[in-house]
Amino acid sequence: MIRHLCRLLLLLAFGLVGSAGMAAPPPGEYQIKAAYLINFARYVEWPSGRLPVGGVLRLCILGRDPFGGGLEGLDGRQVQGREVRLREVDNLEQAQDCHLVFVSGSEERRMGLILRGLAGRGVLTVSDIEGFAEAGGGIGLVTEENRVRFDINQASLVRDGLRASSQLLRLGRQVLGMERVSR
Amino acid sequence: MSRRLACLLAPTLCWTTVATAGEASLADLSLEELVRLDVSAVSRKAQKLSDTPAAITVLSAADIRRSGARSVPEALREVPGVIVAQIGSGRWAVGVRGAEGRFSNKLLVQIDGRSVYSPLFSGVFWEALDVMLADVERIEVIRGPGASLWGANAVNGVINIVTRKATTSLGGLVSASVDDRGNPTVAVRQGVSLGDAGAMRVYAKGSDLAPSHTRDGRSEPDYNRGWLAGFRMDGAGSGVDAWMLQGNTSRRTSGENINTSSLTGDGLLIPLDFVFESTNLLGRYNWGLAGGEASLQAYMDHQLANVGTYGRGTVNTADLDFQHRLVPSGTHELMWGLGARMVQTEIIATSAVLNLTPPRRNVRVFSAFVQDEITLDPQTWKLTLGGRFEYSSLARFEPQPTARLMWTPNLKDSLWASWSRAARTLSIGESDASILFGAQPTPAGSPFPLVVVGSRPGPGWNRRAERVDTLELGYRRNLGNGSVEAVLFHNNYHRLVSEWYDPSGLILPTSSLPVEPFVAPLQYMQRGSEGSARSHGVELAVDVPVTDALRLQASYTLMDTRVRRGADEAAAVGGRALEQAAPQHWGTLRMSFNLGGGKEVDVAARHVGAVGAGDVPAYTAVDFRYAWRVSRYFDLYFVAQNLFDPLHLEYVSNFFPSQPVYQPRRAFIQGVWRF
């Protein structure tokens, strides 16, 4: 009985494989996340002392690069009149020079340390580590029902002198620390 | 559904849509468009674990939900290396890498950092452990010794149950389920925001669990019912400094039948009722210290276990734990910590069958750990050295070191090897109890028709902790949205607690015995630390998305435990107990279907090999789950377990001589309202 059921289910499974093989896949998760990064650079304003107009916006990945080359297309792009320059960093000192730091999932165990090290330095931190915005990160990417959404920790952004545009705040799945700001 | 159909019928149509949203143009999409874009395949937690040189499985809230589990042990069934067997109503035997048992004494279990491992019996009273599963964020299962970080008793594994922060459980929840025999479970939770201060949730749960069956499938030999209530408060989640406070109180009563031998040699069933009560309070604070991150945790815990007319045990624990993670400097990443624990235990024997000397113990444990993660070659080679040094007023100083080497040649593959040593402190019961089990008939020709058998500590027993040395080799491949994992392990156990016949033979007691037939010769079993054994095995896990709508997850464990060759008889007895304690192989296969429209179907099958102890035959069970997200506020689940199997035995409880109980087909329906 069980053997029959297993065979049936396997057939069903492979039947579905076959059909899915024909339909081309929509963009991958990290392609979408890469597109988000450039959008965050567009919709967040850094203090002019930290990022002068005409300067270079350093977009860094801290830890292992999960984008698989998907970020290369962003290098050299113009955003708010600044040139985006991509950089891979592997320690906190280097990350402190960046404007936007994507904290890779490989750094999950060090998340608290990293957030502490980058706090108050005008760095926008972005990550897809679970609970990132909750833990005090700037923007957390969240995958929900096959879509990538984001949570914003407004209190963290304000602390770091960053200004998120109203559009960004409106589209966020959750905006944390809002009460504090409105007061 | 119709879009999918269109894609199936005319693939070219779909190609074009993808091409326009191709790589180059994705970065030009606006935020509004990105938010609405569907992802082809979602990567999973496997990626985050690729950095860890240990055999770790993390069950997310979604994994737990899809397993159809209503208790923690059920959720653990699909973790490789973990063997779970139901031994009664709400009673479980859970083991990691063998060493299964009613009190799996080589497995440490913690809820939000609070140990639920009982020092009385060295193990977890699973029948007394109840959690709000809906508010569990994840369950981390670390196979292999976790002692260097978690402390004594993490010999074969550590299970960390982590509940959600109160800031992420705002709003109300009511979950109600009823099974095919009318046994209900109801859980309610209300989360409230405390504004700037943070958030808080309060919860309560009550359940009357389904009874097991006897071999004939008719009578119901056991029960388990009780309630749980508690709260959790968390500081506002905007800063990096964080605090948390939580408290729980619970009471459960459960009953089962104990098999005893009678004068005529026929088995006699005696009902045994348990009452468990527990209350605890835990607080934790995280802050920045010397550029790094520190955390201080304190908890108090009171536990009471009343075992029928035999006795009552209480355990009061006060625990303080400090951890500090330093900023990485150069190639070193250092972490250290200090801990202090005071445990007060008392066992009051209300029957002369059980005797404890001394009945009360005050145990003080002081510990320190340090771990250094050394980068040998950036992003490629890492060496982790660590150790825990524990002083206990009850046991000798046992250093518990570990060394782990990890090679990550690329983003996908990681290979690691480790050596660790861990210790298991003896339980109060093992160390101090004398028990009379009852009369046993003797073989024909013996001068006595029967003898009374008892167990007591051997003379001059040097009560040292059990020790294990473990070698592990692991490989993990990240498939982007799936993963493959294989772990080889070898355990070498020393000083296992074992029992053997008192060489001085039969004793003729001078006064009457508290058990039937009151006057009989006594044969004692002596306890000591003479056992030794080895085990080795392999754990495999695969997690692959076959299509958008179907995910396949499989796990398989093959292992062998043997008494050490050349061991003398006393050593062999202890090793043999471990040899017989668990099946030699078991595996699971899960198919998770997303049917669209918020409907999910899960089919899970598991096969568990035969267990030597209790002559438990191999069995296969298939579970089915259907879930429907009716609306944003309401979920409906239907779960059927043991679909093709009218009745099976999973394990025979090995601590008390309990009556073996059988698991029938079961089904339940559950509704979850969120508001």
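**A close look at a sheet and its surroundings**

A: Let's start with B:Val307, which lies in strand 14 (residues 292-307) of chain B. Helices (H or I, at least four residues) and strands (E, at least two) are DSSP runs, numbered from the N terminus. This is a predicted model, in which local features need pLDDT of at least 70 and side-chain atom pairs count only at pLDDT 80 or more, while totals for chains, interfaces and linings use all residues. Residues are numbered from 1 along each chain as its sequence is written, and chains are lettered from A and ligands numbered from 1 in the order in which they are written.

B:Val307 counts as partly exposed because it has 19 C-beta neighbours inside 10 Å. A residue is buried if 20 or more other C-beta atoms lie within 10 Å of its own, exposed if 12 or fewer, and partly exposed in between, with C-beta atoms placed from the backbone.

Now for the sheet. Chain B has an open sheet of five strands in the order 1-6-7-4-5, with mixed pairing. Strand 1 (55-60) and strand 5 (114-115) of chain B stand at the edges with a single partner strand each, so one side of each has no neighbour in the sheet. Two strands pair if DSSP finds at least two bridges between them. Strand 4 (residues 107-111) and strand 7 (residues 157-163) of chain B run parallel and are joined by five bridges. Within strand 7 of chain B, B:Ile159 is the bridge partner of B:Val109.

Over in chain A, eight of the eight residues of helix 4 (residues 111-118) are buried. Just after this helix, A:Gly120 takes a positive phi of about 70°.
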